[in-house]
Amino acid sequence: MEIYQLEQKAVFEKLETTKKGLSKKGAKKRSDKYGPNKIEEVKGRPLIFKFLENFYHLFAILLWIGAALSFVADQAPLGYAIIAVVLINAIFSFWQEFKAEKATEALKELMPVYAKVIRDGEPEKILAADLVPGDLILLEEGDAVSADARVIENYELRTNDSALTGESHPRRKNSDPFLEKNVSITDAPNIIFSGTSVVSGSGRAIIYATGMKSEFGKIAYITQSIKKELSHLQKQMITKTKIIVGLAVFL
């Protein structure tokens with residue numbers, strides 16, 4: 001059964017925790033097992049290589065040849081103009097990719113720095129990066145949610161899930177089992193998610209997913225791993241460029 005379908009007692013058993021929260025020793029063991037609760041960057045190609053790519057694709061090579069022929073034909077102004085076109089295109093393309101690389105940093109900014117938990121039966125404030133599955137977190141109005149968790153107590157608890165679902169209206173949360181089948185976990189009213197915030201009310205919840213295992217982390221991973229694909233117009237331009245190059249070489 002999914003975490004949102006379980007009774008509260010079953011939730012405690014599944015996550016191996018209690019109403020007093022985890023012990024500090026137990027939390028340390030889980031931290032070693034699951035790692036820090038943070039959004040990680042998927043390593044890609046260095047930006048310098050992405051910048052240099054703009055100088056040796058087919059269309060750029062054609063322009064370089066055109067610039068060289070311009071200088072040979074004693075048409076230096078035209079040669080400089082072509083080189084300027086290549087440079088401007090490279091800078092513009094690189095800037096677009098650079099802004100896309102910053103998407104991960106924007107997601108990280110939505111993550112809170114601190115969180116309130118119950119450990120060894122006592123409330124304390126810890127770094128959000130130190131949260132682990134099984135931690136019992138305290139929720140109050142204005143708090144940012146640090147990890148995906150199952151609500152076990154709520155007092156008029158409402159959250160803003162717009163960062164995750166795009167819905168602008170606050171969603172009311174409850175602690176009852178959600179028995180619907182074949183639904184997205186984001187539709188479960190007893191689940192709160194990393195990257196969202198508490199609009200009103202208060203409550204308690206048990207964390208079941210942290211870091212890249214959270215729904216927010218999955219979005220961050222997808223955002224970073226999407227491969228750049230050429231648009232239909234770009235594909236047509238490449239085809240036409242090849243035809244022009246072929247004709248030019250033939251002539």
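Figure 1. Ile 65 is partly exposed, at 46% relative accessibility; buried denotes under 20% relative accessible area, exposed over 50%, and partly exposed the range in between (1.4 Å probe, protein chains only). This is a predicted model in which local features need pLDDT of at least 70 and side-chain atom pairs count only at pLDDT 80 or more, while totals for chains, interfaces and linings use all residues. Residues are numbered from 1 along each chain as its sequence is written, and side-chain values use heavy atoms, with hydrogens and water left out. Ile 65 lies in helix H4. Together with Ile 48, Phe 49, Leu 52, Tyr 56, Ile 61 and Leu 69, Ile 65 forms a nonpolar surface patch of about 680 Å² accessible area. Helix H3 (47-52) and helix H4 (58-72) each give two or more residues to the patch. Patch members have over 30% relative accessible area and no salt bridge, nonpolar side chains being joined within 5 Å.

**Figure 2. Pairing of strand S7 with S3 and S4.** Strand S7 (residues 197-209) pairs with strand S3 (residues 136-140) in the antiparallel sense through five bridges. Within this pair, Gly 203 of S7 stands opposite Leu 139. Strand S4 (residues 148-160) also runs antiparallel to S7, joined by 10 bridges. Here Ile 206 in S7 is the bridge partner of Arg 150. Pairing requires at least two bridges found by DSSP; helices (H or I, at least four residues) and strands (E, at least two) are DSSP runs numbered from the N terminus.

**Figure 3. Ile 206 and the nonpolar cores.** The largest nonpolar core has 22 residues, of which Ile 3, Ile 185, Ile 191, Ile 206 and Tyr 208 touch the most other members. Helix H1 (8-14), S7 and helix H8 (215-225) each supply at least two residues of this core, and S7 gives the largest share, three residues. A core joins buried Ala, Val, Leu, Ile, Met, Phe, Trp, Tyr and Cys residues through side-chain atoms within 4.5 Å. Beyond its neighbours within four places in sequence, Ile 206 contacts residues including Val 11, Phe 12, Leu 136 and Ile 152, where contact means heavy atoms within 4.5 Å. A second, separate core of 15 residues includes Ala 149, Leu 157, Ile 192 and Ala 205.

**Figure 4. Surroundings of Ser 194.** Ser 194 sits in the loop between strand S6 (191-192) and S7. With a relative accessible area of 1%, Ser 194 is buried. Leaving aside neighbours within four places in sequence, its contacts are Met 111, Val 145, Ser 146, Ala 147, Asp 148, Ser 214 and Phe 216.

Terms used:
Patches are made of residues with over 30% relative accessible area and no salt bridge: like charges are joined within 9 Å, nonpolar side chains (Val, Leu, Ile, Met, Phe, Trp, Tyr) within 5 Å. Accessible areas come from the Shrake-Rupley method with a 1.4 Å probe; for residues, only the protein chains shown count as cover. A salt bridge is a side-chain nitrogen of Lys or Arg within 4 Å of a carboxyl oxygen of Asp or Glu.
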